[in-house]
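Biologist: Please show me the model, and then take my questions on its fold one at a time.

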Amino acid sequence: RLRTVIATMHPQIEEKWGWSRPLYAVGGKYVCHIVANKSDVNLGFKQGAHLDDPKGLLVGTGANMRHVKIRTTDELDLGYLQQLLTQATALARGVG
């Protein structure tokens with residue numbers, strides 16, 4: 001379902017596959033990825049540490065990478081994910 005959400009919200013983002021997971025890029029620049037785990041799905045952002053995240057959903061300790069853990073479809077805050085994807089796309093394009 002998350003793949004459909006990304007394709008619908010941001011049709012300019014291209015889906016590719018690598019490391020057995022969907023990877024998303026715009027203009028050839030990596031934006032985010034999806035990882036399916038046993039108890040959750042992570043939507044990871046390459047430049048997640050640089051995104052405005054007032055809800056504090058992004059987790060991780062790396063210099064750049066952050067992810068949102070989604071355990072149920074009820075946790076899919078589509079409006080908020082849209083905001084994060086818009087920011088991540090702008091960063092990948094070098095805008096903002």
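Biologist: In what order do the elements of the protein run from the N terminus on?

Modeller: The model is predicted, not experimental. Its secondary structure comes to 2 helices and 6 strands. Read from the N terminus, the elements run α-β-β-β-β-β-β-α.

Biologist: What share of the 96 residues is buried?

Modeller: The accessible surface of the protein comes to about 5,700 Å², and carbon and sulfur atoms hold 53% of that surface. Counting a residue as buried under 20% relative accessible area, the buried share of the 96 residues is 38%.

Biologist: How far apart are the mean positions of the positive and negative charges?

Modeller: The protein has 12 positive and 8 negative charges. Taking the mean position of each set, the separation is 7 Å.

Biologist: Which strands stand at the edges of the sheet?

Modeller: The sheet is open, has 6 strands in the order β1-β2-β3-β4-β6-β5, and pairs in the antiparallel sense. Two strands have a single partner strand each, so one side of each is left without a neighbour in the sheet. These edge strands are β1 and β5 (58-59).

Biologist: Which residue of β3 is the bridge partner of Tyr24?

Modeller: Strands β2 and β3 run antiparallel and are joined by 4 bridges. Their hairpin has 2 residues between the strands, and Gly27 takes a positive phi near 60° there. Within this pairing, the partner of Tyr24 in β3 is Cys32.

Biologist: And which residue in β4 is the bridge partner of Cys32?

Modeller: Strand β3 (residues 29-36) pairs with β4 in the antiparallel sense over 5 bridges. A hairpin of 4 residues joins β3 to β4. In this pairing His33 stands opposite Gly44, while the partner of Cys32 is Phe45.

Biologist: Which residue of β6 stands opposite Leu43?

Modeller: Strand β4 also pairs with β6 (residues 66-70), running antiparallel to it over 5 bridges. In the strand order β4 stands between β3 and β6. Across from Leu43, the residue in β6 is Val68.

Biologist: How many residues of β4 are buried?

Modeller: Strand β4 covers residues 41-45 and is mostly covered. Of its 5 residues, the number buried is 4.

Biologist: Is Asp40 buried or exposed?

Modeller: Asp40 lies in the loop between β3 and β4. Leaving out residues up to four places away in sequence, Asp40 touches Val35, Lys69, Ile70 and Arg71. Its relative accessible area is 8%, and the cut-off is under 20%, so Asp40 counts as buried.

Biologist: Is Ser39 buried or exposed?

Modeller: Ser39 lies in the loop between β3 and β4. The cut-off for an exposed residue is over 50%. Ser39 has a relative accessible area of 56%, so Ser39 is exposed.

Biologist: What is the phi of Trp19?

Modeller: Trp19 is found in the loop between β1 (14-18) and β2 (21-26). At 70% relative accessibility, Trp19 counts as exposed. Its phi is positive, in a residue other than glycine, and is near 55°.

Biologist: What phi does Ser20 have?

Modeller: Ser20 lies in the loop between β1 and β2. With a relative accessibility of 74%, Ser20 counts as exposed. Although Ser20 is not a glycine, its phi is positive, at about 60°.

Technical notes
Residues numbered from 1 in each chain as written. Predicted model: local features only at pLDDT ≥ 70, side-chain atom pairs only at ≥ 80, totals over all residues. Heavy atoms only, no water. Buried < 20%, exposed > 50% of the residue type's maximum accessible area, 1.4 Å probe, protein only. Areas by Shrake-Rupley, 256 points an atom, 1.4 Å probe, with all protein chains shown as cover. Lys, Arg positive; Asp, Glu negative; His and termini not counted. Charge placed at Lys NZ, Arg CZ, Asp CG, Glu CD. Pairing = 2+ DSSP bridges. Contact = heavy atoms within 4.5 Å.
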